[in-house]
Amino acid sequence: MSTNLKSKLNEIAFKRIGNYPDRPTIIFLHDSWGCIGLWRDFPEKLGEMAKCNVLIYDRQGYGKSCRFTYSKRDNNYLEEETDILNELLDYWNIDNAILFGHSDGGSIALIAAAKYPEKILGIIIEGAHVFVENITVEGIKEAEQAYQSGNLKSKLEKYHGDKTDKMFQMWAETWLSETFKTWNIEHFLPKIHCNTLVIQGENDEFGTMEQVNKIVEQTSGFAQKFIVPNAKHTPHKETPELLIEKSVEFINQLKD
């Protein structure tokens with residue numbers, strides 16, 4: 001982690017929910033447009049049903065957290081965010097985390113389970129990527145068009161304020177660059193020994209079932225997949241009750 005960010009850990013916005021002594025903490029890792037507010041009430045409902053503590057935070061450059069401490073991303077940016085998460089777990093004194101990651105957050109959860117296994121009890125990932133696909137690139141191009149000529153920018157500004165343009169630019173430019181076409185985190189998968197629940201919408205516009213299959217086939221721990229019928233990239237918003245049910249079932253099987 002950069003020295004600049006290490007001095008700004010107290011500028012990472014977060015929210016705690018629940019008071020369950022001796023129970024795990026579910027850490028929510030948002031997607032590439034996300035933040036605390038955009039999870040809505042899903043984390044609170046899941047925490048209540050699972051009888052777990054919950055912590056949600058905004059990564060640097062998002063929501064109410066500090067601005068980016070770098071001006072450009074490279075192919076390792078998600079691993080760097082994982083190292084920041086590790087520092088934050090120490091900062092918050094959490095050593096029994098269940099990670100719930102959506103999209104970019106799902107990729108971060110996979111890397112974290114591989115690099116910091118002693119702190120992670122299990123991971124739930126939704127719409128995660130382990131390599132770049134054509135469908136991902138095309139989906140980002142469509143989102144970029146919606147940002148430039150539609151109302152996507154104004155919607156995101158409600159949550160990210162004057163950080164919105166930089167946040168969106170960082171995401172789109174990185175994933176659409178020639179360099180990022182070679183991005184691949186499959187080498188982390190065999191190092192994952194905890195249980196993994198892999199969730200993906202049947203009609204996810206940013207990734208195919210190949211992402212799911214690669215994860216399930218290559219992790220060393222027990223991995224199960226759950227394909228959400230008729231859902232796209234955000235099943236936790238499209239079918240929240242179903243995802244809560246499946247997630248609670250998964251959490252109840254974990255050994256603390």
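A disulfide is here a pair of cysteine sulfur atoms within 2.5 Å. All views show a predicted model, in which local features need pLDDT of at least 70 and side-chain atom pairs count only at pLDDT 80 or more, while totals for chains, interfaces and linings use all residues. Residues are numbered from 1 along each chain as its sequence is written, and side-chain values use heavy atoms, with hydrogens and water left out.

View A. The structure holds 0 disulfides. The sulfur of cysteine 194 lies 14 Å from the closest cysteine sulfur, that of cysteine 52, which is too far for a bond; likewise, the sulfur of cysteine 66 is 14 Å from its closest counterpart, in cysteine 35, again too far for a bond. Cysteine 66 is buried, at 7% relative accessible area, and cysteine 194 is buried at 13% (buried means under 20% relative accessible area, exposed over 50%, partly exposed in between, with a 1.4 Å probe and protein chains only).

**View B. The two sides of helix 10.** Leu243, Ile244, Ser247, Val248, Phe250 and Ile251 are buried in helix 10. Because these residues cover an arc of only 160° around the axis, they fall on the same side of helix 10 (the arc is that of the directions from the helix axis to the C-beta atoms). On the other side of helix 10, Glu241 and Asn252 are exposed.

Note on methods: Helices (H or I, at least four residues) and strands (E, at least two) are DSSP runs, numbered from the N terminus.
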